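The sequence and the structure are shown first, and the description follows.

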Amino acid sequence: MDLNNEQDFTGQAFAEACFILPTYNEQACIQHTIEAIFEQQSRVSGYKFRILVVDDNSSDGTQKIVNGLIEQYECLHMITGEKVGLGDAYKRGFGHALSHFKPDVIFQMDSDGQHDPNLIPDFIEQIQQGYSLVVGSRFVKGGSTPEFSLRRKVISKVGNLLVRYVGGVSHIKDCTSGYRCISAAYIAKCDLGFLSTRGYSFQSSLICELVAQGAKSKEIPIVFTARNAGVSKLSLRDQVEFLLNIPKLGFHSHKDFVKYSIVGSSGVLINLGGYVFLTRHLGIAPEVAPILSIEASLLSNFLFNNFWTFKYRIIKSGFSSRLFQFHLVAGLSGIINYAIFFAAYTSLMMNDIFANLLGIGVAAIANYLINSNWTWKKHLK
Ligand code: GDD
Ligand code: MN
């Protein structure tokens with residue numbers, strides 16, 4: 001790790017940990033959270049703490065409290081802005097921290113007391129062990145969400161499953177957690193402007209992007225306790241954005257998708273050309289020929305994707321299991337295609353050609369996402 005060239009009073013070089021605390025109407029909680037973080041400073045050696053509050057013009061006097069504390073703490077700062085959403089606040093916070101301070105690690109943490117500051121030394125310890133993304137996890141052994149309603153538990157679990165398996169981060173059990181410590185160099189590598197999310201789903205976009213950049217991750221258990229006061233700001237709008245964002249998480253690279261589409265189109269030609277050749281030149285019956293031509297196109301698609309589209313990926317599974325997975329996904333895509341066609345045609349009374357087009361479109365995207373994130377899943381650190 002690169003240490004900043006600053007030195008403490010003993011002449012030792014130390015690194016900087018910058019805590020980004022987003023706040024929206026947290027007047028009842030923010031003071032305690034700030035004080036509790038600075039109290040941990042004495043338990044961590046080698047790191048100097050800095051806190052950046054990102055307040056979105058709270059109407060309850062949060063800024064007044066923070067301004068009062070800024071008089072007292074030299075390493076406490078605040079930026080303010082219009083409320084757009086949690087993700088937008090984090091983007092501004094990261095941008096400000098990277099350009100104004102020299103953080104080695106950046107902490108993400110809620111301001112409402114739900115994240116236990118006593119765990120800060122444990123996060124730092126994992127960074128010192130060489131991890132660059134340490135996640136406070138509610139879903140590993142020792143972690144929990146005792147205060148969650150059944151509804152919130154289900155939303156959180158299902159949301160996590162989608163992010164993990166679509167976003168290529170299946171090795172991380174809690175992808176939406178808001179308590180994390182991240183190597184600043186990796187945040188700088190992420191194109192934050194590219195992460196289009198504005199609300200809570202920023203958390204899942206960021207974790208996928210960090211892993212795609214090669215960040216080595218580690219989860220440590222956290223108990224996600226009750227808020228000290230106030231209410232959650234998670235809105236229905238955030239939940240809708242979260243769901244709409246899921247397919248986007250699967251597209252790690254637009255180049256992959258373009259190549260995959262070219263290969264898919266070549267498969268259509270091979271399928272059709274093969275059918276004509278088998279029936280017209282070899283005299284094979286029309287009932288049998290498609291079985292051979294479909295398989296020929298599947299094989300050629302597989303080979304092109306394996307040796308061209310995803311050639312650069314380091315993959316753990318063997319050639320034959322990939323070939324098998326590819327066939328399974330093709331079968332599943334056929335079922336998705338038919339199910340969507342059937343639903344649109346019979347229930348929505350859609351024109352049969354449009355219904356089929358819709359089925360083909362959804363099945364093609366699902367086919368790409370599953371193959372890209374399962375069959376040719378990148379080897380993760
Ligand atoms: N500046 C700013 N702008 N801060 C915001 C905004 C916003 O639009 N929305 C929320 N916050 C702040 C809150 O004031 C709080 O400090 C923190 O972000 C988390 O918001 P909560 O409203 O307390 O979220 P939660 O407890 O429901 O959700 C937590 O768990 C989720 C997973 O279940 C958070 O940790 C989320 O990040 C996490 O995804
Ligand atoms: Mn909270």
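In this predicted model, helix α4 spans residues 120–128, and I120, F123, I124 and I127 are buried within it. These four residues lie on the same side of α4, because they cover an arc of only 95 degrees around the axis. Residues three or four places apart in an α-helix point the same way, since there are 3.6 residues a turn. Just after α4, G130 adopts a positive phi of about 110 degrees.

In its overall composition, the protein has twelve helices and seven strands. The C-alpha trace spans about 90 × 50 × 35 Å along its principal axes. Of the 381 residues, 36% count as buried. Among contacts between residues at least 6 apart in sequence, 78% join residues at least 24 apart.

The domain assignment divides the protein into domain 1 (15–250) and domain 2 (254–375). A distance of 40 Å separates the C-alpha centres of domain 1 and domain 2. Five residues from domain 1 and four residues from domain 2 take part in the contact. On the side of domain 1 that touches domain 2, α5 (150–166) and α8 (236–250) are the elements that give two or more residues.

| Residue set | Nonpolar | Polar | Charged |
|---|---|---|---|
| Side of domain 1 that touches domain 2 | three residues | two residues | no residues |

Ligand 1 is surrounded by 23 residues, of which the closest are P22, A89, G178, S232 and K233. At least two residues of the shell around ligand 1 come from each of β1 (15–23), β2 (47–55) and α3 (86–100).

The largest nonpolar core of the protein comprises 62 residues, and F19, I20 and I106 have the most contacts inside it. Both domain 1 (15–250) and domain 2 (254–375) contribute at least three residues each to this core. Which residues does I106 touch, not counting residues up to four places away in sequence? The residues in question are C18, I20, F94, A97, I182, A184 and I187. One of these, I20, is itself among the residues with the most contacts inside the core.

Notes
Residues are numbered from 1 along each chain as its sequence is written. Chains are lettered from A and ligands numbered from 1 in the order in which they are written. This is a predicted model: local features need pLDDT of at least 70, side-chain atom pairs count only at pLDDT 80 or more; totals for chains, interfaces and linings use all residues. A residue is buried if 20 or more other C-beta atoms lie within 10 Å of its own, exposed if 12 or fewer, and partly exposed in between; C-beta atoms are placed from the backbone. The arc is that of the directions from the helix axis to the C-beta atoms. Domain bounds come from an automatic or database domain assignment. Two residues are in contact if their C-beta atoms, placed from the backbone, lie within 7 Å. Ala, Val, Leu, Ile, Met, Phe, Trp, Tyr, Cys and Pro count as nonpolar, Asp, Glu, Lys and Arg as charged, and the others, Gly among them, as polar. A residue is near a molecule or strand if its C-beta atom, placed from the backbone, lies within 6 Å of it. A nonpolar core is a set of buried Ala, Val, Leu, Ile, Met, Phe, Trp, Tyr and Cys residues joined through C-beta atoms within 7 Å.
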